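Please read the report below alongside the sequence and the model. It takes up selected side chains and contacts, one topic at a time.

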Amino acid sequence: MPKEHVDLIVEKASELATPYGGSRTPLVGKQMQRLKVIKDAAVAIKAGKIVAVGKSSILRSRFTAAQAVDAQGKTLIPGFVDSHTHLVFAGSREDEFEMRLKGADYMEIHSKGGGILKTVRETQRANEVELVQSCGRTLDIMLKHGTTTVEAKSGYGLTVADEMKCLRAIQQVRKVHLVDVVPTFLGAHAITPEFEKQSEDYVRLVTDKMIPSVARLRLAEFCDVFCEKGVFSIEQARRILDVGRKYALKLKLHADELTPFGGAELAAEAEAVSAEHLLFASDKGLQMMAERGVIAVLLPAASFALMIDRYADARRMIEMGVPVALGTDFNPSCWVENMQLIIALACRQLRMTPAEALTASTINAAHALNRAHEVGSLEVGKKADVLILDAPNHNFLGYRFGANLVSAVVKEGRLVDASRAT
Ligand SMILES: [Zn+2]
């Protein structure tokens, strides 16, 4: 039989490890631990898609390739999907980091004009081109560390014009960057001082002006709300989500991060795709999420960055059948682009195994972004988003940390050398 010609074959890998069979619904419970593992493995790629996965010898007998990559001693896994980032902002907050280390609390930083409002001011002052450039730089670093699909939230504009500017910046960068970017509208991220006494007026601005514009201009796929004590109440969040749904946006919710607030329950009731953070989620809320398949997006770097001892109870969630995904929570107070570090934190602080953390960083994270049909696993027909790890097996994920284990990234069939991609 004549051999089929393909564009690229990555072969002789000491191991290939991928979640499988989870493209329709997220993996839960023990499924999260079950990977397909192939020794001496190869992946064949044509027109940006995976056409075969298997033993090197078998793929070599079936295919000839324009380009071959020898992955001896290396491990192949799916590209990471970072399911929660605040990608678009201007400026930085390293000054308040030092204040926090010296014991300043949130209110002290806030009263000195710091915190989220500082980022909002700087983002409002930035123009669209500057925001596109800074997003591009961040995506370059993410790609180099293995992230091939990423969610990007707005939320530092907080006026109609500035929120649209941030979402347009996301649209601009996603047109030109290799990384797939999924936009989320998070106009309900904070309340600026002008609205401090009239949060209802701000909610109306979100529901009556921002969401209709976002929908009309097709600037986002998801609508998210920061539902927390002192920010947006359950009732306000419900109203915003209802309007988002009416405008055909899919829903997400920042829920139960700082206090037990009923966010998990609201996410389930609203049939949101995901609820994020969940440090204080109630058992009832988690039960409701499990029943409705709402994904828990866990962000252990947020606790680490803010130096709080509490982490989400991932073991309980997995035991209850809640699908668990991971993300960086990349933002000015949690400035991390690297999903490998998130996996290291998930293993140590959430007691997830490397296999569970890999599932949570790939296929389940893809579900949280409505992309599981095309990315998140090394299966025939999916986009060829493949990481070549400088490690002999997938159990090095989380175990070895701090250095970049990604030696090369294949993004939709294109080979990117991670040591050079900047
Ligand atoms: Zn967030």
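## An aromatic cluster with a buried member

Phe330 has a relative accessibility of 0% and therefore counts as buried, a class that means under 20% relative accessible area, whereas exposed means over 50% and partly exposed lies in between (1.4 Å probe, protein chains only). Trp335, at 46% relative accessibility, counts as partly exposed. Phe330 and Trp335 form an edge-to-face aromatic pair, with 6.0 Å from centre to centre and 85° between the planes. Rings of Phe, Tyr and Trp (its six-membered ring) pair if their centres lie within 6.5 Å, and planes under 30 degrees apart count as stacked, over 60 as edge-to-face and the rest as tilted. Phe330 and Trp335 belong with Phe89 and Tyr156 to one aromatic cluster.

## Basis of the model

This is a predicted model, in which local features need pLDDT of at least 70 and side-chain atom pairs count only at pLDDT 80 or more, while totals for chains, interfaces and linings use all residues. Residues are numbered from 1 along each chain as its sequence is written, and side-chain values use heavy atoms, with hydrogens and water left out.

## A second aromatic pair

How many aromatic pairs does the rule give? The count comes to seven aromatic pairs. One of them joins Tyr202 and Phe232, which form a tilted pair with 6.1 Å from centre to centre and 35° between the planes. Tyr202 lies in helix α7 (residues 199-216) and Phe232 in the loop between β9 (222-227) and α8 (234-246), so the pair ties together parts that are 30 residues apart in sequence. Helices (H or I, at least four residues) and strands (E, at least two) are DSSP runs, numbered from the N terminus. Both Tyr202 and Phe232 are buried.

## The zinc site

The zinc ion is coordinated at 2.0 to 2.7 Å by His84 (NE2), His86 (NE2), His254 (NE2) and Asp329 (OD). Donors are N, O and S atoms within 2.8 Å of the metal (3.2 Å for Na, K and Ca), and because water is not among the atoms, sites may look incomplete. Along the chain, the donors of the zinc ion follow the spacing H-x1-H-x167-H-x74-D. His86 lies in the loop between β6 (80-82) and α2 (94-101) and His254 in strand β10 (residues 250-255), so this pair ties together parts that are 168 residues apart in sequence. His86 and His254 are both buried.

The angles among the four donor atoms of the zinc ion run from 78 to 165°, and the site is irregular. Four donors count as tetrahedral if all angles lie between 85 and 135 degrees; four count as square planar and six as octahedral if opposite donors are over 155 degrees apart and all others between 65 and 115; anything else is irregular.

## Salt bridges

A search of the whole structure finds 30 salt bridges, each being a side-chain nitrogen of Lys or Arg within 4 Å of a carboxyl oxygen of Asp or Glu. Lys153 meets Glu151 in a salt bridge of 2.8 Å, N to O, and Lys153 also forms one with Glu276, where the closest N and O atoms are 4.0 Å apart. The pair of Lys153, in strand β7 (residues 147-153), and Glu276, in strand β11 (residues 274-277), links distant parts of the chain, 123 residues apart. Lys153 counts as buried at 0% relative accessibility, Glu151 counts as buried at 0%, and Glu276 is buried with a relative accessible area of 0%.

Arg239 forms a salt bridge with Glu200, with the closest N and O atoms 3.0 Å apart. Arg239 lies in helix α8 and Glu200 in helix α7, so the pair ties together parts that are 39 residues apart in sequence. Arg239 is partly exposed, with a relative accessible area of 27%, and Glu200 is partly exposed as well, at 28%. Elsewhere, Arg174, Asp180, Glu221, Arg371, Glu374, Lys383, Asp385, Lys411 and Glu412 are linked in a network of salt bridges.

## A contact across the sequence

Asn338 is found in the loop between β13 (324-326) and α13 (339-349), and at 13% relative accessibility Asn338 counts as buried. Asn338 and Gly146 are 192 residues apart in sequence, yet 7.7 Å apart in space, C-alpha to C-alpha.
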